[in-house]
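User: I'd like to go through a few of the labels here and what backs them up. Can you take me through them?

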Amino acid sequence: VTHSVPACIGSMTINSKQLDNESPVSIFAVNKCYETVQDGTFFDGSGFAALVREGYKVRSDVNITLEFRTTAVHGVLLGVSSAKVDAVGLEIVHGKVLFHVNNGAGRITATYEPRGTNSLCDGKWHKLQANKSKHRISLIIDGNLVHTDNPYIQSTSADTNNPIYVGGYPADVKQNCLTSKSSFRGCLRNLVLTKGQHTELFDFNRAFDLRGVFPHSCPGAEH
């Protein structure tokens, strides 16, 4: 077993002596337990999760679905880039959701703009689906579809080869399809990437790098 237990542990004793878990000698990726908890992964607004160490290849088609809950009007949701300009990115900027794609010829963006600036940042769960099919991109938020025109119809493949960064990214990593540097604060769940017949549900517990991210423990409400 190489990953931690997704659970709350309390009142531990060794040789009849109770351990003091309020002032540990060292601590890593351990959060407090919440009285009310929901399925999901909590991002505290300071870091990111890194998935697929060997690099994720978007190429011509990808369908990304996830659910998010936040009270912040800014935050990176997901980015996959390359050493070149090819990349895809999902982010919340001023309460809008932006889906950026660059197949090599230039960045195009599908923008979902809710009626009110805070209507997606209300602490409730929202469903997101971002689809790239060759040069076409679309974004669906809570069932509302946004298309965008792409003038670069000859350029169809995003040749990415970097990890998937979720909720933010390291300062020394370039992201060609993200404008925000703000780490996401809130909860994410059900992150699924689909390519053709291959569907992959990503478990944040198996991320190769987690900073300020707590898998399987999402507080019932923002404090």
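Analyst: Let's start with a term: buried means under 20% relative accessible area, exposed means over 50%, and partly exposed is in between (1.4 Å probe, protein chains only). This is a predicted model, where local features need pLDDT of at least 70, side-chain atom pairs count only at pLDDT 80 or more, and totals for chains, interfaces and linings use all residues. Residues are numbered from 1 along each chain as its sequence is written, and side-chain values use heavy atoms, with hydrogens and water left out.

User: Why is strand β4 called largely enclosed by the rest of the structure?

Analyst: Strand β4 covers residues 41-51, and eight of those eleven are buried, so the rest of the structure largely encloses it. Strands here are DSSP runs of E, at least two residues, numbered from the N terminus.

User: What makes β4 and β16 a pair?

Analyst: Two strands pair if DSSP finds at least two bridges between them. β4 and β16 (residues 209-214) have five, in the antiparallel sense, so they meet that definition. Ala50 has Asp209 as its bridge partner in β16.

User: Which bridges join β4 to β14, and what stands opposite Leu51 in β13?

Analyst: Four bridges link β4 with β14 (residues 185-195), running antiparallel; Phe42 has Cys187 as its partner there. With β13 (residues 164-166), β4 has three antiparallel bridges, and Ile164 is opposite Leu51.

User: Why does Leu19 count as partly exposed?

Analyst: Its relative accessibility is 40%, so Leu19 falls in the partly exposed class. Leu19 sits in the loop between β2 (17-18) and β3 (37-38).
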